[in-house]
Each structure stands twice: as C-alpha cells, then as structure tokens.
There are 2 protein chains.
Amino acid sequence: MTYESALTALADPTRRAIVEVLRGAPQPVGSLAGRFPISRPAISQHLRVLSDAGLVEAHAEGARRIYRLSPDGLGALRRYLDTLWDDALAAYARAAETHAKEQARRTPFD
Amino acid sequence: MTYESALTALADPTRRAIVEVLRGAPQPVGSLAGRFPISRPAISQHLRVLSDAGLVEAHAEGARRIYRLSPDGLGALRRYLDTLWDDALAAYARAAETHAKEQARRTPFD
DNA sequence: CAGATTCGTAAGTCATTTCTTACCGTAAGT
DNA sequence: ACTTACGGTAAGAAATGACTTACGAATCTG
C-alpha cells in the first residue's frame with residue numbers, strides 16, 4: 001500500500017502486462033493466465049505482489065476470483081511522484097538560470 | 001526515457017535514496033557515494049540506470065560530474081500513471097455500482 | 001611533466017526474483 | 001458422493017540484478 005511496494009510491483013514487465021489486461025476488464029485468474037506464456041501459478045504469484053501493493057483487488061465469484069484494478073496503491077504512488085516532480089522542476093529551473101548567467105558571463109569573450 | 005525504464009529505476013531502494021539526496025541539492029558522484037555504505041562504482045552504476053531513465057542528468061564541472069534531478073523521465077511516468085489512475089477509478093466506480101445492485105436485489109430476502 | 005583526484009566501465013561473485021512442478025483446499029456440476 | 005474446474009501455496013531450479021575489485025581515461029595540482 002506504500003509507494004515503494006507499488007514501484008516494486010510495477011517494475012516487472014509481466015506484472016505491467018497483467019495490469020494492462022485488467023485495464024480492459026476485470027478477469028479471473030485462469031483467463032488472465034491464458035494470455036501469457038507462463039504458468040498459472042506464476043500469474044498467481046504476480047497477482048499477490050500486485051495485490052499487496054494495492055494495485056489490484058479480487059472478489060470471489062463462485063470458485064473463481066475476479067481481479068480488477070484498485071486505486072489505492074496508485075494513489076499513494078501518484079502523491080509521491082507529484083512531490084518529486086515539483087523538486088525536479090525546481091532543479092531544472094535553477095539549472096536553466098545558472099546556465100543563462102554562465103552564458104552572459106562568457107559571451108563577451110567569444 | 002520511457003515510463004517502463006523509470007519504474008525499473010525507481011524500484012531499487014538505493015536508487016530511490018539517491019534520488020532523495022538529489023532532491024536536496026545537486027551533487028558530484030563522490031559526495032553522493034560518501035552517504036551510502038556501498039562502493040563508488042556501485043553508485044555510478046545506479047546513476048547510469050537513473051540517467052538512462054531520464055530521472056537525473058549530469059553536467060561536467062572540471063573533473064567532476066554534478067548530478068541533479070531531471071523532469072524528463074518523471075513526466076513520462078506521471079502521464080502513464082494518470083491514465084492508469086483514470087481506469088482504476090472507473091473500475092472502482094463500476095464495482096461499487098454493481099455491489100449496490102447486488103445489495104438491492106438481496107435485501108428483500110434477508 | 002609527475003602525481004593525485006574524480007569517475008566511468010569490465011568481469012566476476014553473490015543475492016534476489018521469477019518461474020516451474022507438485023500438491024492441497026474449495027466450489028460447481030452430474 | 002464423485003468428478004471436474006479453479007486457484008492459492010511450497011520447494012527448488014533458472015534467470016536477473018546488485019555489488020565488489022581492478023583498471024583506464026580525463027582533469028587538476030604542485
């Protein structure tokens with residue numbers, strides 16, 4: 001549920017692909033596994049990581065478990081990135097300003 | 001520069017810590033390495049990953065290379081997460097609605 | 001110019017992660 | 001009740017990733 005676990009979860013290409021499938025529509029595990037060249041248990045393990053990160057959630061529907069996207073983990077991640085974004089922009093602005101000064105100082109001698 | 005590489009880069013705790021230090025102020029590699037219990041080459045390797053992802057950038061200053069945050073990779077990541085966020089919210093809303101219907105259908109029999 | 005600083009890259013080792021097979025519990029159908 | 005479908009967990013093998021030491025290139029200093 002922290003932004004760290006969300007980052008770790010989304011770092012894996014297979015897990016990102018699972019998320020992409022779930023963007024289309026909620027899916028049971030078996031249907032999800034059918035779309036990938038890896039075993040169903042592997043998918044289950046990925047779903048566990050995504051679930052622990054609050055990126056997906058499941059509800060039982062008879063014998064099957066339907067997974068769908070969850071906003072929880074994504075919200076935490078977005079909040080973190082927003083603050084980081086502010087600092088990155090500030091660093092960029094500061095760098096541009098410094099560069100302009102350097103240019104102004106050097107230009108007379110070129 | 002893609003959101004995928006940004007996610008991979010930020011998945012590592014040490015790289016996140018490096019980013020956190022750079023939030024404070026731009027730093028040369030040696031100064032950065034001094035703050036961590038790992039070797040300087042290891043820091044260099046992390047900086048390469050962060051740089052490839054467009055999360056940091058460097059400029060030479062004499063013999064040293066000053067690293068600072070860069071908005072590029074972060075922007076790509078934020079854009080991706082925003083679209084994903086929309087889909088997650090939609091999925092959540094749809095689930096809540098379905099649940100409400102189920103409740104309405106079941107309540108008379110309780 | 002010689003020595004010292006700063007940093008990137010290469011090669012190899014070690015740890016972590018991902019994947020597979022095997023197995024178990026639960027739910028649905030006959 | 002028996003069988004089939006569905007999916008989570010365990011244990012070990014295989015692939016990835018992070019770290020170390022060794023080395024080389026570029027810059028600064030005396």
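This report describes a predicted model of protein chains A and B with DNA strands C and D.

## Composition of chain A

Chain A contains 110 residues, and 40% of them are buried. Its secondary structure consists of five helices and three strands. Read from the N terminus, these elements follow the order α-α-β-α-α-β-β-α.

Contacts in chain A also link parts that lie apart in the sequence. Among those between residues at least 6 apart, 49% join residues at least 24 apart.

## Helix 2 and helix 4 of chain A

The axes of helix 2 (residues 13-24) and helix 4 of chain A come within 10 Å of each other and cross at roughly 80°. Because of this angle, helix 2 of chain A counts as roughly perpendicular to helix 4 of chain A.

On the side of helix 2 of chain A, the contact is formed by A:Thr14, A:Arg15, A:Ile18 and A:Val19. These residues meet A:Ile43, A:His46, A:Leu47, A:Val49 and A:Leu50 in helix 4 of chain A. By class, the contact between the two helices has six nonpolar, two polar and one charged residues.

Of the atoms of DNA strand D that come within 4 Å of the protein, 56% belong to sugar and phosphate.

Individual polar contacts involve the base, phosphate and sugar or linking parts of DNA strand D. A polar side-chain atom of A:Arg40 lies 3.0 Å from a base oxygen. The side chain of A:Arg65 places an N or O atom 2.7 Å from a phosphate oxygen, and a backbone N or O atom of B:Ala63 lies 3.4 Å from a sugar or linking oxygen. The elements that give two or more residues to this surface are helix 3 (29-33), helix 4 (40-52) and strand 3 (64-69) of chain A, together with helix 2 (13-24) and helix 4 (40-52) of chain B. Helix 4 of chain A gives the most, with five residues.

## The surface near DNA strand C

DNA strand C is surrounded by 24 residues, of which A:Ser39, A:His46, B:Gly30, B:Ser44 and B:Tyr67 are the closest. Sugar or phosphate supplies 56% of the atoms of DNA strand C within 4 Å of the protein, and bases supply the rest. The residues of this surface divide into 10 nonpolar, eight polar and six charged.

A base oxygen of DNA strand C lies 3.1 Å from a polar side-chain atom of A:Gln45. At least two residues of the surface come from each of helix 2 and helix 4 of chain A, and from each of helix 3 (29-33), helix 4 and strand 3 (64-69) of chain B. Helix 4 of chain B gives the most to the surface near DNA strand C, with five residues.

Technical notes. Residues are numbered from 1 along each chain as its sequence is written. Chains are lettered from A and ligands numbered from 1 in the order in which they are written. This is a predicted model: local features need pLDDT of at least 70, side-chain atom pairs count only at pLDDT 80 or more; totals for chains, interfaces and linings use all residues. Side-chain values use heavy atoms; hydrogens and water are left out. A residue is near a molecule or strand if one of its heavy atoms lies within 4 Å of it. A polar contact is a pair of N or O atoms within 3.5 Å; within protein, one must be able to donate a hydrogen and the other to accept it, and residues adjacent in sequence count only if both atoms are side-chain atoms. Helices (H or I, at least four residues) and strands (E, at least two) are DSSP runs, numbered from the N terminus. Axes are lines fitted to C-alpha atoms, for helices over the stretch in contact, and angles run from 0 to 180 degrees between N-to-C directions. Angles under 35 degrees count as roughly parallel, over 145 as roughly antiparallel, 65 to 115 as roughly perpendicular and the rest as oblique. Contact means heavy atoms within 4.5 Å. Ala, Val, Leu, Ile, Met, Phe, Trp, Tyr, Cys and Pro count as nonpolar, Asp, Glu, Lys and Arg as charged, and the others, Gly among them, as polar. Buried means under 20% relative accessible area, exposed over 50%, partly exposed in between (1.4 Å probe, protein chains only).
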